[in-house]
Amino acid sequence: MAEDRAVAASESEAAAARRRVEALWRIESARIVATLTRVVGDFGLAEDLAQEAFVDALAQWPRDGVPPNPAAWLTTVAKRKGIDRRRRLARLDDRHAAIAYSLAEQHRLAAIDHEPPWDPETVDDDVLRLIFTACHPILPRESQIALTLRVVGGLTTEEIARAFMVPVSTVQQRIVRAKRTISAAAVPFEVPSREELGGRLASVLQVVYLIFNEGYAATAGSSWMRTDLAGEALRLARIVSSLVPDEPDAHALRALLELQASRFAARVDADGEPVLLADQDRSRWDHDQIRRGRAALAKADAIGRGRGAYALQAAIAECHAVAPSTDGTDWARIVGLYESLAEVAPSPVVDLNRAVAVAMAHGPAAGLAAVDELVATGAMTGSALLPGVRGELLARLGRRDEAREELLAATALTRNERERAVLLQKAERI
Amino acid sequence: MKYMLIMRTPEMVEMPEDVDFTEVINAMGAYNESLIKAGVLLAGEGLAPPDEGFVVDFDATPPVVTDGPYAEAKELFNGFWMIQTSTKEEAAEWAKRCPLGPGMRLEVRRVNETEEFDQDNEYVQKEHEWREQLGTDRPVQG
């Protein structure tokens, strides 16, 4: 018994140490990988080395204790691994050259031991370079997302797989392929030039936005939302906006995410069932977070380069956030914001949302007319959203049979089980 | 999860004469900046010296207001940070990096989420309303 207890105690100590290593990794991994990439000149290699050092830490620290400067330890171990690897490769290549090479490397290694793990003057730039590399347009979107969560967010492959409900091997493959693609294309480790920055930043922000969306409204599975993933996106948005403080879109994205996240507590009831905007208890919204969101939007506006898609969406979210009720919402203003959004970023989803706002501002008949214009374009065929909204508006117009038909059509199209339940409930109530 | 890092210092903290205040401010500024750049800082405030405050003592009825120094207080609450992390361990790592010296302590407390209370309670409902008023009536800071 006593022995069992001793084993249990050491196991829980080991578990605690493991959690501490993981916490340190989440805090430090971006700076470690960023610094290593600058030193070894290859992003894929740097990521491998950092991961190997992390694995060493997981094995050693629970046993030997956490070193006084964990980040320095991880960086140094990773650098040594890099040097060993190069030496081995060089030896295979040319024994003579290898000696000169490794001497130079040894010299560098000696210097590394006395250097701080990173230079505070350059590490922000390094992290920014890392973010731009992970979101490089050469990569498919899903790889950008996996790579960003892994190298910038410090998430493990298992965590990413769990968040996106895909097999671990799928995430592994995406990351391995992405690193290979970056190496093969010799993507430079740099912050894009002024001329390029806008487009490249758009790619970064889009990745953060998609991560948030996946957490906000899960596209698959039984969970209505995955707040952990949304929280991670929010953290990334805060990081990016602090690293490029002169870019209005970065603040606007942060504003949008803060404002959307402020409704999390009210979006599900005690049984985990979804609660739609109109039925949400607005007093349960996180008003500190709303204030942070509004402050970020004000910052974006203050830069004075006009409102882009994120700022317009944030402004719409702000309208909801400050409204006392659904009826007390400035729907006419929201219609106007959706019209501006449709000009900046035309999309059928924006048109559909505008139609909903039109219905709120000018009545269900006006809304239905706007929805039917959209139906005529055929742009949203196959989406559950269109019949869902149409069914709702028909119900409000008292056209019950048509309404039920549309809502049932929507249930057949959604992949989210909880959303399906809500639609079914609506159809039954008609 | 949200955590509050509460700075506690001994009441009679004598600043050594050779302390360079610029250095202290710089260290604290760098710490705050690192929290911001890691995307974890939500709020933070420092408190003015206790002689500008006072204590309301509830031992007596009605409560008694006394100016400092406070006889019973061994430590002073001098400021706080509010951070958001995904685990308790992360909050601990951030707390450990705070540039404080011997004698000073950080107390780290998890902040309750409102959902943890009985939502049907009348005063929990009211508190939501108060928060709403406080939240939206306060001016937006740039």
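The following paragraphs lead through a predicted model of a complex, from its confidence values to its chains and selected residues.

Residues are numbered from 1 along each chain as its sequence is written, and chains are lettered from A and ligands numbered from 1 in the order in which they are written. In this predicted model local features need pLDDT of at least 70, side-chain atom pairs count only at pLDDT 80 or more, and totals for chains, interfaces and linings use all residues, while side-chain values use heavy atoms, with hydrogens and water left out.

For the complex, the predictor gives an ipTM of 0.76 and a pTM of 0.82. Confidence per residue is expressed as pLDDT, the predictor's confidence in each residue on a scale from 0 to 100. Chain B has a mean pLDDT of 80, and 72% of its residues reach 70 or more. Within chain B, the pLDDT of residues 134–142 is below 50, and this stretch has 14 contacts in the model beyond near neighbours in sequence. A contact here means heavy atoms within 4.5 Å.

Chain A contains 20 helices and zero strands. These elements are DSSP runs numbered from the N terminus, with helices (H or I) of at least four residues and strands (E) of at least two. Of the 430 residues of chain A, 50% count as buried. The term buried stands for under 20% relative accessible area, exposed for over 50%, and partly exposed for values in between, with a 1.4 Å probe and protein chains only. Contacts in chain A with a separation of 6 or more are, for 64%, between residues 24 or more positions apart. The accessible surface of chain A is about 19,700 Å², and carbon and sulfur atoms account for 52% of that area. Accessible areas come from the Shrake-Rupley method with a 1.4 Å probe, and for residues only the protein chains shown count as cover.

Charged pairs come next. The whole structure holds 38 salt bridges over all chains, each defined as a side-chain nitrogen of Lys or Arg within 4 Å of a carboxyl oxygen of Asp or Glu. In helix H1 (residues 2–40) of chain A, Arg31(A) and Glu28(A) are three residues apart, so about one helical turn separates them. Their side chains meet in a salt bridge, at 3.3 Å from N to O. Glu28(A) is buried at 2% relative accessible area, whereas Arg31(A) is partly exposed at 21%.

Arg291(A) counts as buried at 17% relative accessibility, and Asp288(A) is partly exposed with 30%. Elsewhere, Arg26(A), Glu232(A), Arg235(A) and Glu90(B) are joined into one network by salt bridges that share partners.

A further salt bridge links Lys37(B) and Asp124(A), with 2.6 Å between the closest N and O atoms. This pair crosses between chains, from helix H1 (residues 21–37) of chain B to helix H5 (residues 120–134) of chain A. Lys37(B) is partly exposed at 22% relative accessible area, and Asp124(A) is partly exposed at 25%.

Arg238(A) lies in helix H10 (residues 227–243) of chain A and counts as buried, with 5% relative accessibility. Beyond its neighbours within four places in sequence, Arg238(A) is in contact with residues including Arg254(A), Arg292(A), Ile36(B), Leu42(B) and Gln84(B). The side chain of Arg238(A) makes a polar contact of 3.0 Å with that of Glu258(A). A polar contact is a pair of N or O atoms within 3.5 Å; within protein, one must be able to donate a hydrogen and the other to accept it, and residues adjacent in sequence count only if both atoms are side-chain atoms.

In chain B, Lys2(B) is part of strand S1 (residues 2–10) and counts as buried at 15% relative accessibility. Towards chain A, the side chains of Lys2(B) and Asp286(A) are joined by a polar contact of 3.2 Å.
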